[in-house]
Amino acid sequence: MNVSTVGGPVAGDRPGDRRADAARNRAKILAAAEEIVATRGVEALAMADVAAAAGVGVGTLYRRFGDRSGLAHALIDRREREFQTTYLSGPPPLGPGAPAAGRIRAFLHALARRTVDQLDLLLVAETAGPFARFGGAYHAYHRHLAILIAEVRPDRDPSFLADALLAPLAANLLAYRRDLTLDGIQAGLDDLLTGVLPE
């Protein structure tokens, strides 16, 4: 630790200062990455370019985000938090207060929209490894759907049905089927729901 002439830590070397510096660096990195994605597309999201644009070392980027996939997850995170807040505590039919069947449909429609909006970033995040898709957000979606499905179809396996309803929204599938419109995806999900929800 750097020490001042009076024996205390030099300004900027206190834990609070280091946390503030780390938060500023994170904000600069994410702003630089967002700008690159907005102007040049996700394919241009290279760690060295982001570090240069943010004015930080490449090592800082790798220590904070791990790799390109981790950076993509961080860019997705804000929208993801907003989405989770909406379906967990927002107004019905997506949030609490509506019948379970209506919430399932509203959730799948909203998730389709959210996936299409950030498809290229989700593709990077979900394809980093064989099970990358099944991380935190997927787990939260699955649990939410399984709880609602158990309410309307207690005679069926809610875990399997939740996986089946989430499968068409995999980023790599939607990227492969770029001919599908959001309306088409949502209509297809409605067709699947006719086999899941009671009449």
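Among contacts between residues at least 6 apart in sequence, what share joins residues at least 24 apart? In this protein the share is 62%, where contact means heavy atoms within 4.5 Å. The model is predicted, so local features need pLDDT of at least 70 and side-chain atom pairs count only at pLDDT 80 or more, while totals for chains, interfaces and linings use all residues. Residues are numbered from 1 along each chain as its sequence is written, and side-chain values use heavy atoms, leaving out hydrogens and water.

**View 1. The helices of the protein.** The protein has 10 helices and zero strands; helices are DSSP runs of H or I with at least four residues, strands are runs of E with at least two, and both are numbered from the N terminus. The radius of gyration, taken over C-alpha atoms, is 21 Å, well over the 16 Å that the globule rule gives for 199 residues, so the protein is more spread out than a compact globule. That rule is 2.2 Å times the number of residues to the power 0.38.

**View 2. The largest nonpolar core.** A nonpolar core is a set of buried Ala, Val, Leu, Ile, Met, Phe, Trp, Tyr and Cys residues joined through side-chain atoms within 4.5 Å; buried means under 20% relative accessible area with a 1.4 Å probe, protein chains only. This core holds 56 residues, and Leu-71, Ile-104, Phe-107, Leu-108 and Leu-145 touch the most other members. Helix H5 (residues 100–117) gives the most to the core, with eight residues.

**View 3. The surroundings of Ile-104.** Leaving aside neighbours within four places in sequence, Ile-104 contacts Leu-145, Leu-148, Ile-149, Val-152, Leu-193 and Leu-197.

Technical notes: Buried < 20%, exposed > 50% of the residue type's maximum accessible area, 1.4 Å probe, protein only.
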